[in-house]
Amino acid sequence: MASPGVRVLLLLVLVSSAHGDASGINRTRGNRTLTPEEEEDSQQHHNNTKAFPVLSFNFEHVRKPFEISLWILLALLMKLGFHLIPRVSHIVPESCLLIVVGLLVGGVIKALDSDASDTNSSVPVLNTKLFFLYLLPPIILDAGYFLPIRHFTENLGTILMFAVVGTLWNAFFIGGMMYGVCQIEAAQLGDVDLLSCLLFGSIISAVDPVAVLAVFEEIHINELLYILVFGESLLNDAVTVVLYHLFEEFSHAGTVTITDAFLGVICFFVVSLGGVMIGLIYGIVGAFTSRFTLHSRVIEPLFVFLYSYMAYLSAEVFHLSGIMSLIACGVAMRPYVEANISHKSYTTIKYFMKMWSSVSETLIFIFLGVSTVAGPHVWNWTFVIFTVILCLVSRVLGVVGLTFIINKFRIVKLTKKDQFIVAYGGLRGAIAFSLGFLLTDTHMKTMFLTAIITVIFFTVFVQGMTIRPLVELLAVKKKKETKRSINEEIHTQFLDHLLTGIEDVCGHYGHHHWKDKLNRFNKTYVKKCLISGERSTEPQLISFYNKMELRQAMMLVESGSLAVLPSLTSMQNIQPRDTVKQRVIPSISKRREEEIRKMLRSNLQKTRQRLRSYSRHDLMMDPFEEDLSEVKFRKQRVEMGRRVRLTETHLNVHNSLSFKGINPQSNKNTQNKIKIYRKKLKNRQHNTQNDTKKSYTKKNAFTSNTQNDNKDTK
C-alpha cells in the first residue's frame with residue numbers, strides 16, 4: 001500500500017502528462033506542425049480562459065423565491081410587532097396597521113426605482129391570479145374547516161337572506177343610484193352607462209370575509225352576530241360571481257333580453273349548488289382516504305390540504321363558486337377525518353391552517369397598501385364620495401328591511417343593537433379590489449379601482465377602528481371564552497331530543513326534525529363507510545368527551561403547566577388534612593329509638609310488596625293530605641252526576657216510547673233506579689265525611705307524638 005504522499009504525487013504527474021498531451025495535440029495535427037497563425041490563435045484562446053471562480057453572484061437565479069420569502073418574513077415581523085405593543089392593538093385593528101405598512105413599503109420601492117415614472121413592473125401588485133389562487137384559499141379553508149356548525153345551521157335562513165337578497169339589493173341600489181349620479185352634468189361622467197354602473201355595484205356590494213375575520217375576531221363579538229356577518233360574507237360569493245360575469249357580458253354586448261335575465265337566475269343556482277356539490281364530493285373522498293392511514297400517520301395532514309385545494313381549483317375550472325366549494329369540503333370532511341387521524345395529525349392540521357391563513361391575511365393587507373401606491377389612479381370627487389355614502393345607506397336600508405321580515409319567523413329576535421352591528425360590520429376588502437382588477441384596461445377601470453380602494457380604506461379604517469368602542473358603548477353581548485362542559489353537552493342533546501319530539505307530536509316538520517333524520521342516517525350508513533374501527537359506533541357523548549380530553553391536554557402542553565402537575569405516587573403520599581370537624585350525633589331516648597325501629601321495619605317490609613305501575617290518570621295521594629276527602633268526594637259526585645244524567649236521558653227516551661204505546665212499564669223501572677242511585681250517593685257522601693274526620697284525628701295524634709319526642713330529645 002502506497003502512502004498518501006505518494007498518491008498525491010502520482011496524481012500530479014498524471015495531470016501534468018495529460019496537460020502536455022493536450023498541448024501537443026493543440027500544436028500538432030497528427031504529424032503536421034501548426035502554422036504561425038494557428039499557433040497564435042491557440043495562444044490567444046489560452047490567455048482568454050478564466051480561472052476557477054471561488055465566489056460568484058447570480059441573484060436572478062433565485063430572485064422570485066427570495067422575494068417571496070422576504071415578503072412572508074416582513075408579514076410575520078409586522079404581526080409580531082403588532083402584538084408586542086398592547087396599547088396600539090387595543091386602539092387600531094391589525095388590518096389597518098398592515099395596510100399602513102404596505103403603503104410605506106410601496107412608497108420606498110417606488111422611490112428607489114428609477115424607472116417607476118415610466119413603468120410599474122418592478123412594484124409588486126395584488127393581481128387577481130395571486131389573490132384568488134394562492135392567498136384566498138388558506139383563509140377560506142381555515143374558516144370552513146373550523147366553522148361553528150350548530151350556530152351556522154340554526155341561522156342558515158337569516159344568513160341566506162342577508163347573503164342573497166341583501167347582496168342583490170346592494171348591487172342594484174348602488175348601481176342604479178350611481179347611474180343617476182353620473183347623469184349630473186357637473187360630475188362630468190356622461191360616458192358611464194347603466195350596465196357599467198351595475199357592474200360596479202356588483203363588485204362593491206359584497207361583504208369581504210377577510211376583512212370581517214380580521215376585525216370581528218379582535219372584538220370578540222357574540223356567536224350570533226359573528227356567524228350572521230361572517231356567514232353572509234362566505235355565502236354571497238355565488239351572487240357576486242354571477243352578477244359580475246352577467247353584467248360584464250351585458251356591458252360588452254350592450255343589450256339585455258328576458259332570456260339573458262332568466263339564464264342569469266339559472267346560472268346563480270348552478271354556480272352555488274355546483275360549488276357545494278364539488279366540495280361535498282372531495283370532502284367525502286378525503287374522509288374515505290383517511291380511513292386507511294393507520295400505518296402512515298405522517299401523510300394524514302397532507303390529504304386534508306390537497307383534497308381541499310383540489311376542490312377549490314376544480315370549482316374554479318368550471319367558473320363555479322370556489323369559496324362555497326372549499327367551505328363544503330371542510331365541513332363534510334372534518335367530523336370523519338378527526339375520528340380517523342391521530343392526535344398529532346390533528347394538532348398539525350389545526351396549527352398549520354391557522355399559520356397559513358394568518359400569513360395570507362397579512363400579505364393581502366400589505367399588498368393592498370403596496371398596490372395603492374403603485375397606481376395609477378383617476379380621482380373624481382363626485383364619484384368617490386357618492387360611492388362611500390351609497391354603500392353605507394344601502395347597507396343600513398337592506399339590514400333594517402330584511403330584519404323586519406326575518407323577525408316574523410325567528411324565535412330569538414334581532415334587536416336594534418344587533419341590526420346596528422350587522423349593518424356597521426359590512427366591511428369591504430381585497431375581493432372587491434381583485435374583481436375590479438379583472439376589468440378591461442380603460443379609463444373607467446382606473447376610476448372604478450380608485451373608488452373601490454377608497455371604500456376599502458373607509459370601511460377598514462373608520463368602521464374597523466370605531467366598531468370596538470361602539471360595541472362597548474352599546475353593551476353588546478360578547479363571546480364566552482369558556483369551553484363547553486359535558487353537563488352542557490348532555491343538556492343540549494336532551495333539549496334537541498325534546499324539541500324533536502314536540503315537533504313530531506305537533507306534526508310540524510321543522511329544523512329539529514330534519515336534523516334528527518340526518519343524524520340517524522349519518523349513524524346508520526355514513527359513519528360505517530367513512531370511519532374505521534369501533535369509532536364508527538361510538539356514542540356522540542363519548543366522542544365529545546374524547547375531544548374535550550384532547551383539547552385539555554393540548555392546552556396543558558401549550559401553557560407549560562404539564563410539568564408542574566404532581567405525579568401519581570406523589571398524590572398518593574399526600575395525607576389529607578383533618579380540618580373538617582366531626583358532626584355531633586344527637587342522643588335520643590330509648591322509647592323514641594324503639595318507635596323508629598318499628599317504623600323502619602314496617603316500611604322496609606312494605607317495599608318488598610309489588611308496587612303499582614305509574615299512570616298519569618291514577619296518582620297515589622298522601623293519606624294525610626287535607627284535601628283528600630274533597631278530591632274523592634268531587635270525583636264521586638261527578639261520576640254519580642254523569643250516571644244520573646244518563647238515566648234521565650233513558651227516561652226521556654222511554655217516555656217518548658210509552659207515549660207511542662211501546663213498553664209502558666219501563667218508566668217505573670227507571671224511576672226506581674234513579675232513587676237507588678240517589679241513596680247510594682248520600683251514603684258515600686256520609687262515609688267520606690267520616691273518613692276525613694278519622695284522618696284528621698290520626699294526623700293530630702302523629703304531630704303531638706313528634707312534639708313530645710322533640711321535647712324528650714332536647
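Leaving aside residues up to four places away in sequence, Arg 297 touches Asn 340, Ile 341, Ser 342 and Ser 345, where contact means heavy atoms within 4.5 Å. The model that shows this is a predicted one, in which local features need pLDDT of at least 70 and side-chain atom pairs count only at pLDDT 80 or more, while totals for chains, interfaces and linings use all residues. Residues are numbered from 1 along each chain as its sequence is written, and side-chain values use heavy atoms, with hydrogens and water left out.

Although Arg 297 and Ser 345 are 48 residues apart in sequence, their C-alpha atoms are 7.1 Å apart in space. The side chain of Arg 297 also makes a polar contact of 2.6 Å with the side chain of Glu 300; a polar contact is a pair of N or O atoms within 3.5 Å, and within protein one atom must be able to donate a hydrogen and the other to accept it, while residues adjacent in sequence count only if both atoms are side-chain atoms. With a relative accessible area of 28%, Arg 297 is partly exposed, a class that lies between buried (under 20%) and exposed (over 50%), as found with a 1.4 Å probe on protein chains only.

Helix α13 (residues 258-289) contains Thr 289, which counts as buried because its relative accessibility is 19%. Not counting residues up to four places away in sequence, Thr 289 touches Phe 303 and Tyr 307.

The protein chain holds 27 helices and two strands, and 36% of its 714 residues count as buried. Among contacts between residues at least 6 apart in sequence, 80% join residues at least 24 apart.

The crossing of α8 and α17 is right-handed, a term used if the near helix is turned clockwise from the far one by less than a right angle, whereas anticlockwise gives a left-handed crossing. The residues of this contact divide into 19 nonpolar, eight polar and one charged, where Ala, Val, Leu, Ile, Met, Phe, Trp, Tyr, Cys and Pro count as nonpolar, Asp, Glu, Lys and Arg as charged, and the others, Gly among them, as polar.

Thr 382 is found in helix α17 and is partly exposed, at 26% relative accessibility. Leaving out residues up to four places away in sequence, Thr 382 touches Val 181 and Ala 187. In the loop between α16 (343-374) and α17 lies Pro 376, which is exposed, with a relative accessible area of 60%. The C-alpha atom of Pro 376 is 9.1 Å from that of Leu 449, a residue 73 places away along the chain.

Helix α10 gives another view of burial. How many of the eleven residues of α10 are buried? Ten of them are, so the helix is mostly covered, given that buried means under 20% relative accessible area. Among these buried residues are Pro 209, Phe 216 and Glu 218. Asp 208 caps the N-terminal end of α10, with a side-chain oxygen 3.1 Å from the backbone nitrogen of Val 210.

Just after α10, His 220 takes a positive phi of about 55 degrees. This residue lies in the loop between α10 (209-219) and α11 (223-235) and is partly exposed, with a relative accessible area of 40%. Ala 475 also has a phi near 55 degrees, a positive value in a residue other than glycine. The loop between α20 (443-473) and α21 (486-506) holds Ala 475, which is exposed at 59% relative accessibility.

Terms used. Helices (H or I, at least four residues) and strands (E, at least two) are DSSP runs, numbered from the N terminus.
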